[in-house]
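Hi,

Here is the structure I promised to pass on to you. Have a look at it first, and then read on for what turned up when I went through it.

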Amino acid sequence: MQKTLAFFKILRNFSVSSINNQIKKETIKPSQNPNTKGPHPVAILAVLSIGVSAYVSLVRHRAKSSKEDMTVCFILGGPGSGKGTQCAKLVQDFGFVHMSAGDLLREEQQRSGSEYGELIQNCIKEGKIVPMEVTIGLLEKKMIESDSNRFLIDGFPRQLDQALAFEKEVVESTLIIYLECSEEVMLKRLLKRGETSGRIDDNTETIKKRFKTFLEHSYPVVEHYRKIPNKVHTISSEDSVEEVYAKVKPIFTELFKQK
Ligand SMILES: Nc1ncnc2c1ncn2[C@@H]1O[C@H](COP(=O)(O)OP(=O)(O)OP(=O)(O)O)[C@@H](O)[C@H]1O
Ligand SMILES: O=c1ccn([C@@H]2O[C@H](COP(=O)(O)O)[C@@H](O)[C@H]2O)c(=O)[nH]1
């Protein structure tokens, strides 16, 4: 069952309080850490209540999926390379659940009461990467809540340590699509999108920072997976949406023929 979601690890890890604890571990000195004397009763209650609903989802999910059925694909590429656009088409043709890490973070940022709102907003504005405990927690939650066994993870992992953590703690990826696009084309697309998107990072200053972060931190993820034969499918995404999809679609047709 290695390829199946590590459900019990998820139950162990997944909960807002769990994310809190992991982040607090990084920021609270041991002498200040209230957890050193054991979990706070409120934390136990939170874990229990979240755990019950997660367990219900788990039972529903497990009934529908087995490890052999799980398909988890990372859709990677620079900002504006067309990841979300291609994912939308794959959802229609192959019934994937599309999980955009950026969208999940923006939702969490806007969720009233989120204690990560400010952190996420600052990272997005500066084109920086949000700590992986937050992102992986949100991805896990969405996977647990879903009844599907086909997932497209768009724009994650953003960094090699995220890739390693996700594959160890959650599930191994099936394949990776890397959409290759020049900065010139991506900049043009993002500025056009910025006319209507309302996104705080679709502006020249932030886009330049996002390009830098991509090259320094995210591209090494692609290079890492390229060491595994046939794992990464590199597709030029400079052509029209339909032309790009004509290269993407057969990869999945072939994949599901084998499954
Ligand atoms: N092949 C294409 N040709 C022309 N425009 C495209 C193409 N693919 C996507 N676009 C447009 O470019 C913009 C960025 O596309 P999309 O949101 O899919 O990229 P992304 O890689 O998901 O971006 P981000 O990482 O910033 O979320 C959108 O406005 C989209 O309509
Ligand atoms: O795994 C992730 C995904 C995204 N971010 C942050 O969000 C913005 C926007 O991401 P898009 O994929 O372009 O929607 C990105 O620049 C990061 O700041 C992240 O930290 N981790």
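Let me begin with ligand 2, where one of the oxygen atoms lies 2.6 Å from a backbone N or O atom of Lys128. Please keep in mind throughout that this is a predicted model. Val130 also takes part through its backbone, with an N or O atom 2.7 Å from an oxygen atom of ligand 2. With Arg210 the side chain is involved: one of its N or O atoms is 3.2 Å from an oxygen atom of the ligand. On its own, ligand 2 has 450 Å² of accessible area, and the protein covers 96% of that.

As for the surroundings, 16 residues make up the shell of ligand 2, and the closest are Arg106, Lys128, Val130, Arg158 and Arg199. Two elements give two or more residues to this shell, namely α5 (101-110) and α6 (117-126). The most comes from α5, which supplies four residues. The space that ligand 2 takes up is the largest pocket.

Now to ligand 1, which also sits in the largest pocket. Around this ligand there are 17 residues, with Lys83, Thr85, Arg193, Arg210 and Asp239 the closest.

- Gly82 has a polar backbone atom at 3.0 Å.
- Lys83 has a side-chain N or O atom at 2.8 Å.
- Gly84 has a polar backbone atom at 2.9 Å.

For ligand 1, the protein covers 75% of the 620 Å² of accessible area that the ligand has on its own. The elements that contribute two or more residues to its shell are α4 (83-94) and α9 (183-197).

Finally, a few words on the chain as a whole. Its secondary structure consists of 11 helices and five strands. The chain has 259 residues, and 46% of them count as buried. It exposes about 13,600 Å², with 55% of this supplied by carbon and sulfur atoms.

Over to you, and enjoy exploring it!

Best wishes

Definitions and conventions
Residues are numbered from 1 along each chain as its sequence is written. Chains are lettered from A and ligands numbered from 1 in the order in which they are written. This is a predicted model: local features need pLDDT of at least 70, side-chain atom pairs count only at pLDDT 80 or more; totals for chains, interfaces and linings use all residues. Side-chain values use heavy atoms; hydrogens and water are left out. Buried means under 20% relative accessible area, exposed over 50%, partly exposed in between (1.4 Å probe, protein chains only). Accessible areas come from the Shrake-Rupley method with a 1.4 Å probe; for residues, only the protein chains shown count as cover. A residue is near a molecule or strand if one of its heavy atoms lies within 4 Å of it. A polar contact is a pair of N or O atoms within 3.5 Å; within protein, one must be able to donate a hydrogen and the other to accept it, and residues adjacent in sequence count only if both atoms are side-chain atoms. On a 1 Å grid over the protein atoms alone, a cavity is a set of points where a 1.4 Å probe fits but cannot get out, and a pocket is an open set with protein on both sides within 12 Å along at least five of seven lines; lining residues have an atom within 4 Å of a point. A molecule sits in a cavity or pocket if more than half of its atoms lie within 2 Å of its grid points.
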